[in-house]
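Thanks for coming. I will talk about helix packing today, and I will keep it short. Here is the model.

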Amino acid sequence: MTQMKHIAIYTLTSELHDEKAVNAVTQEFLESLGIGYVLKGNDYSDYGTCGLSLIYVRTGGTEGIFKRILPELQAKSSRPFYLLTSGKSNSLAASMEILSYLQQHGIKGEIIHGSTDYIAQRISVLERVETAIKQLQGTRLGIIGEPSDWLISSQADKAKVKEQLGIELVDVPMQTLLEAIGKKNEGTMDAPSERVEIREALPGAQRIYEALKDIVSDYRLNGFTLRCFDLLTAVKNTGCLALAKLNAEGYVAGCEGDVPAMLSMMIVRSLLGISGFQANPSSINPETGEMVFAHCTIPLDMVERYEYDTHFESGIGVGIRGFMKEGPITIFKVAGDLSRHFVVEGHLVRNQSKPDLCRTQQVIQLCDKSQTGYFLKNPIGNHHIIMPGHHKELIENIL
(Lines give C-alpha, C1' and ligand atoms only; values in the text may rest on other atoms or scores of the structure.)
Protein backbone atom coordinates (compact mmCIF):
# COMPACT_ATOMS: atom_id res chain seq x y z
CA MET A 1 0.00 0.00 0.00
CA THR A 2 1.40 3.42 -0.96
CA GLN A 3 2.12 5.54 2.08
CA MET A 4 -0.18 8.56 2.27
CA LYS A 5 0.83 11.89 3.77
CA HIS A 6 -1.01 14.84 5.26
CA ILE A 7 -3.63 12.73 7.07
CA ALA A 8 -4.52 13.88 10.57
CA ILE A 9 -6.52 11.59 12.85
CA TYR A 10 -8.39 13.10 15.79
CA THR A 11 -10.11 10.94 18.41
CA LEU A 12 -13.41 10.80 20.27
CA THR A 13 -13.38 8.64 23.39
CA SER A 14 -15.87 8.18 26.22
CA GLU A 15 -14.52 8.79 29.72
CA LEU A 16 -16.14 5.52 30.81
CA HIS A 17 -13.64 3.43 28.83
CA ASP A 18 -10.21 2.41 30.05
CA GLU A 19 -7.68 4.69 28.31
CA LYS A 20 -4.91 2.06 28.14
CA ALA A 21 -7.19 -0.54 26.59
CA VAL A 22 -8.55 1.96 24.08
CA ASN A 23 -5.03 3.11 23.13
CA ALA A 24 -3.95 -0.47 22.49
CA VAL A 25 -6.92 -1.05 20.18
CA THR A 26 -6.22 2.29 18.47
CA GLN A 27 -2.62 1.42 17.68
CA GLU A 28 -3.50 -2.04 16.40
CA PHE A 29 -6.34 -0.74 14.23
CA LEU A 30 -4.49 2.20 12.68
CA GLU A 31 -1.34 0.18 11.99
CA SER A 32 -3.44 -2.47 10.21
CA LEU A 33 -4.50 0.14 7.65
CA GLY A 34 -0.95 0.63 6.36
CA ILE A 35 -1.36 4.38 5.90
CA GLY A 36 0.80 7.33 6.85
CA TYR A 37 -0.88 9.59 9.40
CA VAL A 38 -0.38 11.89 12.35
CA LEU A 39 -2.38 10.98 15.47
CA LYS A 40 -3.67 14.19 17.04
CA GLY A 41 -5.73 12.64 19.82
CA ASN A 42 -8.35 14.93 21.33
CA ASP A 43 -6.44 18.13 20.49
CA TYR A 44 -8.56 19.70 17.74
CA SER A 45 -6.73 23.05 17.71
CA ASP A 46 -5.43 22.59 14.15
CA TYR A 47 -8.41 20.66 12.80
CA GLY A 48 -8.86 21.07 9.05
CA THR A 49 -5.32 22.23 8.30
CA CYS A 50 -3.98 18.91 7.00
CA GLY A 51 -4.83 17.43 3.62
CA LEU A 52 -7.42 15.14 5.23
CA SER A 53 -8.85 15.34 8.74
CA LEU A 54 -10.42 12.16 10.13
CA ILE A 55 -12.34 11.86 13.39
CA TYR A 56 -11.72 8.40 14.84
CA VAL A 57 -14.78 7.54 16.92
CA ARG A 58 -13.10 5.05 19.24
CA THR A 59 -16.00 4.20 21.56
CA GLY A 60 -19.69 4.63 22.13
CA GLY A 61 -20.96 7.37 24.41
CA THR A 62 -19.16 10.05 22.39
CA GLU A 63 -22.16 11.63 20.71
CA GLY A 64 -22.51 14.38 23.31
CA ILE A 65 -18.79 15.17 23.13
CA PHE A 66 -19.03 15.62 19.36
CA LYS A 67 -22.12 17.82 19.62
CA ARG A 68 -20.30 20.03 22.12
CA ILE A 69 -17.22 20.57 19.94
CA LEU A 70 -19.10 20.78 16.60
CA PRO A 71 -19.32 24.62 16.51
CA GLU A 72 -15.55 24.84 17.02
CA LEU A 73 -14.90 22.34 14.21
CA GLN A 74 -17.28 24.11 11.83
CA ALA A 75 -15.46 27.39 12.47
CA LYS A 76 -12.21 25.74 11.41
CA SER A 77 -13.40 23.84 8.31
CA SER A 78 -16.39 23.77 5.95
CA ARG A 79 -15.53 20.33 4.59
CA PRO A 80 -17.57 17.15 5.30
CA PHE A 81 -16.92 15.28 8.53
CA TYR A 82 -15.26 11.89 8.00
CA LEU A 83 -15.95 9.52 10.91
CA LEU A 84 -13.49 6.63 11.11
CA THR A 85 -14.58 3.60 13.13
CA SER A 86 -13.24 0.13 13.84
CA GLY A 87 -16.64 -1.08 15.00
CA LYS A 88 -15.35 -2.01 18.45
CA SER A 89 -16.70 -0.65 21.75
CA ASN A 90 -19.93 0.53 20.12
CA SER A 91 -18.01 2.99 17.94
CA LEU A 92 -20.09 2.27 14.84
CA ALA A 93 -23.35 2.88 16.69
CA ALA A 94 -22.03 6.19 18.00
CA SER A 95 -20.85 7.18 14.52
CA MET A 96 -24.30 6.49 13.09
CA GLU A 97 -25.93 8.70 15.73
CA ILE A 98 -23.43 11.48 15.01
CA LEU A 99 -23.91 11.24 11.25
CA SER A 100 -27.68 11.30 11.65
CA TYR A 101 -27.38 14.47 13.75
CA LEU A 102 -25.18 16.09 11.10
CA GLN A 103 -27.64 15.26 8.35
CA GLN A 104 -30.55 16.67 10.37
CA HIS A 105 -28.67 19.95 10.39
CA GLY A 106 -27.73 19.92 6.71
CA ILE A 107 -24.08 19.09 7.37
CA LYS A 108 -22.27 16.61 5.15
CA GLY A 109 -20.46 13.62 6.58
CA GLU A 110 -19.52 9.99 6.01
CA ILE A 111 -18.73 6.95 8.14
CA ILE A 112 -15.57 5.15 7.03
CA HIS A 113 -16.01 1.54 8.10
CA GLY A 114 -15.40 -1.91 6.66
CA SER A 115 -12.45 -4.18 5.93
CA THR A 116 -8.97 -2.75 6.38
CA ASP A 117 -8.47 -2.83 2.61
CA TYR A 118 -11.70 -0.91 2.01
CA ILE A 119 -10.91 1.67 4.69
CA ALA A 120 -7.37 2.22 3.39
CA GLN A 121 -8.63 2.63 -0.19
CA ARG A 122 -11.40 5.00 0.87
CA ILE A 123 -8.96 7.13 2.87
CA SER A 124 -6.62 7.23 -0.14
CA VAL A 125 -9.42 8.61 -2.33
CA LEU A 126 -10.51 11.16 0.26
CA GLU A 127 -6.95 12.33 0.89
CA ARG A 128 -6.49 13.08 -2.81
CA VAL A 129 -9.86 14.82 -3.01
CA GLU A 130 -9.38 16.96 0.09
CA THR A 131 -5.84 17.91 -0.96
CA ALA A 132 -7.16 18.99 -4.37
CA ILE A 133 -9.90 21.07 -2.76
CA LYS A 134 -7.30 22.89 -0.68
CA GLN A 135 -5.16 23.48 -3.77
CA LEU A 136 -8.12 25.14 -5.49
CA GLN A 137 -8.45 27.74 -2.73
CA GLY A 138 -7.23 31.09 -4.05
CA THR A 139 -7.10 29.96 -7.67
CA ARG A 140 -7.67 32.76 -10.17
CA LEU A 141 -9.15 31.93 -13.58
CA GLY A 142 -9.57 34.54 -16.27
CA ILE A 143 -12.46 35.03 -18.68
CA ILE A 144 -10.78 36.79 -21.62
CA GLY A 145 -13.60 38.41 -23.51
CA GLU A 146 -17.05 36.98 -22.87
CA PRO A 147 -18.39 33.49 -23.58
CA SER A 148 -18.95 33.04 -27.31
CA ASP A 149 -22.41 34.13 -28.44
CA TRP A 150 -23.49 30.56 -29.21
CA LEU A 151 -22.69 29.29 -25.70
CA ILE A 152 -26.10 30.32 -24.42
CA SER A 153 -26.04 27.82 -21.50
CA SER A 154 -22.35 28.00 -20.61
CA GLN A 155 -22.35 30.72 -17.98
CA ALA A 156 -21.14 30.49 -14.39
CA ASP A 157 -22.28 31.61 -10.95
CA LYS A 158 -19.20 33.46 -9.72
CA ALA A 159 -20.37 33.57 -6.11
CA LYS A 160 -21.04 29.83 -5.91
CA VAL A 161 -17.75 29.01 -7.64
CA LYS A 162 -15.90 31.14 -5.08
CA GLU A 163 -17.83 29.73 -2.13
CA GLN A 164 -17.72 26.04 -3.04
CA LEU A 165 -14.38 25.71 -4.84
CA GLY A 166 -12.47 28.78 -3.69
CA ILE A 167 -11.92 29.82 -7.32
CA GLU A 168 -12.07 33.51 -8.26
CA LEU A 169 -13.29 34.25 -11.79
CA VAL A 170 -11.60 37.34 -13.22
CA ASP A 171 -12.93 39.28 -16.22
CA VAL A 172 -10.26 40.38 -18.71
CA PRO A 173 -11.37 42.66 -21.58
CA MET A 174 -10.71 41.29 -25.06
CA GLN A 175 -9.16 44.62 -25.96
CA THR A 176 -6.45 44.02 -23.36
CA LEU A 177 -5.37 40.89 -25.20
CA LEU A 178 -5.53 42.57 -28.62
CA GLU A 179 -3.32 45.38 -27.36
CA ALA A 180 -0.86 42.87 -25.93
CA ILE A 181 -0.72 41.05 -29.27
CA GLY A 182 -0.08 44.34 -31.06
CA LYS A 183 2.97 45.01 -28.91
CA LYS A 184 4.65 41.74 -29.87
CA ASN A 185 7.23 41.67 -32.64
CA GLU A 186 6.33 39.58 -35.69
CA GLY A 187 9.50 37.50 -35.43
CA THR A 188 9.99 34.17 -37.12
CA MET A 189 9.21 30.61 -36.20
CA ASP A 190 10.33 27.30 -37.60
CA ALA A 191 7.43 25.86 -39.54
CA PRO A 192 7.42 22.05 -39.81
CA SER A 193 4.88 22.18 -42.62
CA GLU A 194 5.04 22.19 -46.39
CA ARG A 195 1.87 24.28 -46.59
CA VAL A 196 2.51 27.94 -47.26
CA GLU A 197 -0.53 29.13 -45.30
CA ILE A 198 0.69 27.31 -42.19
CA ARG A 199 4.21 28.72 -42.45
CA GLU A 200 2.81 32.21 -42.85
CA ALA A 201 0.39 31.86 -39.93
CA LEU A 202 2.78 30.39 -37.33
CA PRO A 203 4.57 33.64 -36.35
CA GLY A 204 1.21 35.27 -35.67
CA ALA A 205 0.09 32.26 -33.62
CA GLN A 206 3.29 32.60 -31.60
CA ARG A 207 2.51 36.28 -30.91
CA ILE A 208 -0.90 35.27 -29.51
CA TYR A 209 0.83 32.73 -27.26
CA GLU A 210 3.31 35.31 -25.95
CA ALA A 211 0.55 37.88 -25.37
CA LEU A 212 -1.54 35.36 -23.43
CA LYS A 213 1.45 34.56 -21.22
CA ASP A 214 1.70 38.27 -20.44
CA ILE A 215 -2.00 38.36 -19.54
CA VAL A 216 -1.56 35.35 -17.24
CA SER A 217 1.34 37.09 -15.51
CA ASP A 218 -0.26 40.53 -15.27
CA TYR A 219 -3.53 39.22 -13.83
CA ARG A 220 -1.87 36.49 -11.70
CA LEU A 221 -3.95 33.78 -13.36
CA ASN A 222 -3.75 30.00 -12.94
CA GLY A 223 -5.65 29.64 -16.17
CA PHE A 224 -8.25 31.20 -18.44
CA THR A 225 -10.83 30.67 -21.12
CA LEU A 226 -10.57 32.71 -24.31
CA ARG A 227 -13.24 34.11 -26.62
CA CYS A 228 -10.98 32.84 -29.37
CA PHE A 229 -13.20 33.30 -32.43
CA ASP A 230 -12.81 37.07 -32.10
CA LEU A 231 -9.16 36.61 -33.08
CA LEU A 232 -10.22 35.36 -36.50
CA THR A 233 -11.43 38.80 -37.50
CA ALA A 234 -9.21 40.94 -35.26
CA VAL A 235 -5.79 39.45 -36.09
CA LYS A 236 -6.65 36.91 -38.81
CA ASN A 237 -5.34 34.03 -36.70
CA THR A 238 -6.37 31.58 -33.97
CA GLY A 239 -5.52 30.80 -30.37
CA CYS A 240 -5.33 27.04 -30.99
CA LEU A 241 -1.54 26.78 -30.83
CA ALA A 242 -1.30 29.08 -27.81
CA LEU A 243 -3.84 27.04 -25.85
CA ALA A 244 -2.13 23.77 -26.77
CA LYS A 245 1.20 25.07 -25.48
CA LEU A 246 -0.09 26.79 -22.34
CA ASN A 247 -1.99 23.71 -21.19
CA ALA A 248 1.18 21.68 -21.62
CA GLU A 249 2.99 24.22 -19.44
CA GLY A 250 0.61 23.60 -16.54
CA TYR A 251 -1.98 26.33 -17.02
CA VAL A 252 -5.64 25.71 -17.74
CA ALA A 253 -6.39 27.22 -21.15
CA GLY A 254 -9.89 26.80 -22.54
CA CYS A 255 -11.68 27.74 -25.74
CA GLU A 256 -14.59 29.95 -26.72
CA GLY A 257 -15.01 31.60 -23.32
CA ASP A 258 -16.65 28.41 -21.98
CA VAL A 259 -16.44 28.92 -18.21
CA PRO A 260 -17.96 25.57 -17.09
CA ALA A 261 -15.48 23.76 -19.37
CA MET A 262 -12.63 25.78 -17.85
CA LEU A 263 -13.81 24.90 -14.33
CA SER A 264 -13.96 21.24 -15.31
CA MET A 265 -10.40 21.42 -16.63
CA MET A 266 -9.23 23.11 -13.41
CA ILE A 267 -10.80 20.40 -11.27
CA VAL A 268 -9.07 17.74 -13.37
CA ARG A 269 -5.71 19.45 -13.02
CA SER A 270 -6.00 19.95 -9.26
CA LEU A 271 -7.16 16.39 -8.65
CA LEU A 272 -5.01 14.47 -11.12
CA GLY A 273 -2.24 16.86 -12.15
CA ILE A 274 -3.00 16.35 -15.85
CA SER A 275 -4.41 18.35 -18.75
CA GLY A 276 -7.88 17.87 -20.17
CA PHE A 277 -9.03 17.96 -23.80
CA GLN A 278 -11.99 20.33 -24.34
CA ALA A 279 -14.00 18.92 -27.23
CA ASN A 280 -17.41 18.86 -28.90
CA PRO A 281 -19.37 15.64 -29.30
CA SER A 282 -19.70 15.40 -33.09
CA SER A 283 -21.66 12.16 -33.44
CA ILE A 284 -23.27 9.62 -31.12
CA ASN A 285 -24.42 6.06 -31.71
CA PRO A 286 -26.94 5.28 -28.91
CA GLU A 287 -27.10 1.62 -29.95
CA THR A 288 -23.39 0.94 -29.51
CA GLY A 289 -22.20 3.71 -27.18
CA GLU A 290 -19.63 4.94 -29.70
CA MET A 291 -19.03 8.70 -29.89
CA VAL A 292 -16.81 11.06 -31.85
CA PHE A 293 -15.33 14.14 -30.15
CA ALA A 294 -13.44 16.86 -31.98
CA HIS A 295 -11.80 20.26 -31.54
CA CYS A 296 -9.08 22.29 -33.22
CA THR A 297 -6.67 22.24 -30.30
CA ILE A 298 -5.50 19.77 -27.68
CA PRO A 299 -2.86 20.13 -24.93
CA LEU A 300 0.49 19.10 -26.38
CA ASP A 301 1.30 17.04 -23.27
CA MET A 302 -1.69 14.79 -23.99
CA VAL A 303 -0.63 13.55 -27.42
CA GLU A 304 1.94 11.11 -28.78
CA ARG A 305 2.34 13.25 -31.87
CA TYR A 306 0.68 16.21 -33.55
CA GLU A 307 0.65 18.18 -36.78
CA TYR A 308 -0.46 21.62 -37.86
CA ASP A 309 -3.48 22.40 -40.00
CA THR A 310 -5.69 25.42 -40.50
CA HIS A 311 -8.58 26.17 -38.18
CA PHE A 312 -11.56 24.09 -39.37
CA GLU A 313 -14.46 26.58 -39.48
CA SER A 314 -12.49 29.50 -40.89
CA GLY A 315 -9.75 27.77 -42.87
CA ILE A 316 -7.18 30.24 -41.55
CA GLY A 317 -4.59 30.42 -38.78
CA VAL A 318 -3.08 27.38 -37.08
CA GLY A 319 -5.05 24.41 -35.77
CA ILE A 320 -3.70 21.33 -33.99
CA ARG A 321 -4.32 17.75 -35.09
CA GLY A 322 -3.24 15.70 -32.11
CA PHE A 323 -3.05 11.93 -31.75
CA MET A 324 -3.60 10.70 -28.20
CA LYS A 325 -2.63 7.22 -27.04
CA GLU A 326 -5.47 4.75 -27.36
CA GLY A 327 -6.81 3.30 -24.13
CA PRO A 328 -8.96 4.14 -21.11
CA ILE A 329 -10.35 7.67 -20.83
CA THR A 330 -12.80 9.62 -18.67
CA ILE A 331 -15.28 12.26 -19.89
CA PHE A 332 -16.27 14.99 -17.43
CA LYS A 333 -18.28 18.22 -17.21
CA VAL A 334 -19.51 20.36 -14.32
CA ALA A 335 -22.29 22.93 -14.56
CA GLY A 336 -21.41 26.59 -14.18
CA ASP A 337 -23.45 26.88 -10.97
CA LEU A 338 -21.97 23.59 -9.66
CA SER A 339 -25.49 22.20 -9.27
CA ARG A 340 -24.69 19.04 -11.21
CA HIS A 341 -21.98 17.25 -13.10
CA PHE A 342 -21.49 14.32 -15.46
CA VAL A 343 -18.69 11.78 -15.54
CA VAL A 344 -18.40 8.57 -17.54
CA GLU A 345 -15.56 6.20 -18.39
CA GLY A 346 -14.74 4.83 -21.81
CA HIS A 347 -11.94 3.90 -24.19
CA LEU A 348 -10.29 5.87 -26.96
CA VAL A 349 -10.46 3.31 -29.75
CA ARG A 350 -8.84 5.39 -32.48
CA ASN A 351 -7.86 8.85 -33.65
CA GLN A 352 -9.13 9.94 -37.04
CA SER A 353 -8.54 12.77 -39.53
CA LYS A 354 -11.72 13.43 -41.48
CA PRO A 355 -11.80 16.68 -43.47
CA ASP A 356 -15.28 17.72 -42.32
CA LEU A 357 -14.56 18.03 -38.58
CA CYS A 358 -12.36 20.02 -36.23
CA ARG A 359 -8.76 18.89 -36.58
CA THR A 360 -8.27 16.68 -33.49
CA GLN A 361 -10.80 13.84 -33.66
CA GLN A 362 -11.28 10.99 -31.19
CA VAL A 363 -13.51 7.94 -31.52
CA ILE A 364 -14.54 6.89 -28.02
CA GLN A 365 -16.43 3.81 -26.86
CA LEU A 366 -18.33 4.39 -23.61
CA CYS A 367 -18.09 1.64 -21.02
CA ASP A 368 -21.82 2.04 -20.41
CA LYS A 369 -23.62 2.71 -23.69
CA SER A 370 -26.77 3.82 -21.86
CA GLN A 371 -24.88 6.97 -20.85
CA THR A 372 -25.34 8.29 -24.39
CA GLY A 373 -28.80 9.23 -23.14
CA TYR A 374 -27.28 12.04 -21.09
CA PHE A 375 -25.86 13.73 -24.19
CA LEU A 376 -29.15 13.52 -26.04
CA LYS A 377 -31.58 14.28 -23.20
CA ASN A 378 -29.85 16.23 -20.43
CA PRO A 379 -26.42 17.58 -21.46
CA ILE A 380 -24.38 20.23 -19.64
CA GLY A 381 -23.66 22.33 -22.73
CA ASN A 382 -21.75 21.03 -25.72
CA HIS A 383 -18.07 21.02 -24.66
CA HIS A 384 -16.86 18.16 -22.47
CA ILE A 385 -13.46 17.37 -21.01
CA ILE A 386 -11.63 14.18 -21.96
CA MET A 387 -8.67 12.89 -19.96
CA PRO A 388 -6.58 9.70 -20.12
CA GLY A 389 -7.30 6.98 -17.57
CA HIS A 390 -10.34 5.92 -15.59
CA HIS A 391 -10.98 8.45 -12.81
CA LYS A 392 -14.72 8.37 -12.18
CA GLU A 393 -14.47 7.52 -8.47
CA LEU A 394 -12.10 10.38 -7.71
CA ILE A 395 -14.09 12.95 -9.68
CA GLU A 396 -17.41 11.87 -8.16
CA ASN A 397 -15.99 12.54 -4.70
CA ILE A 398 -14.77 16.08 -5.32
CA LEU A 399 -18.23 17.45 -6.19
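The crossing of α6 and α7 is a right-handed one. This is a predicted model, so keep that in mind throughout. The two helices are α6, residues 174-182, and α7, residues 196-218, and they pack with their axes 8 Å apart at an angle of about 125°. What does that angle make them to each other: parallel, perpendicular or oblique? Angles of 65 to 115 degrees count as roughly perpendicular and those over 145 as roughly antiparallel, and α6 and α7 are therefore oblique to each other.

Now the residues. On the α6 side, the contact is made by Thr176, Leu177, Ala180, Ile181 and Gly182. On the α7 side, Arg207, Ile208, Ala211, Leu212 and Ile215 take part. By class, the contact of α6 with α7 has seven nonpolar residues, two polar and one charged.

On to the second pair. Helix α4 covers residues 116-136 and helix α10 covers residues 259-272. Their axes come within 8 Å and cross at roughly 125°. That makes α4 oblique to α10. What is the hand of the crossing of α4 and α10, left or right? The crossing of these two helices is right-handed.

Which residues of α4 meet α10? They are Arg128, Val129, Ala132, Gln135 and Leu136. Facing them in α10 are Met266, Ser270, Leu271 and Leu272. Sorted by class, the contact of α4 with α10 comes to six nonpolar residues, two polar and one charged.

That is what I have on these two pairs.

Note on methods
Residues numbered from 1 in each chain as written. Predicted model: local features only at pLDDT ≥ 70, side-chain atom pairs only at ≥ 80, totals over all residues. Heavy atoms only, no water. Axes fitted to C-alpha atoms, helices over the stretch in contact; angles between N-to-C directions. Helix = DSSP H or I, 4+ residues; strand = E, 2+ residues; numbered from the N terminus. Parallel < 35°, antiparallel > 145°, perpendicular 65-115°, else oblique. Left-handed = near helix turned anticlockwise from the far one by under 90°. Contact = heavy atoms within 4.5 Å. Nonpolar A, V, L, I, M, F, W, Y, C, P; charged D, E, K, R; others polar.
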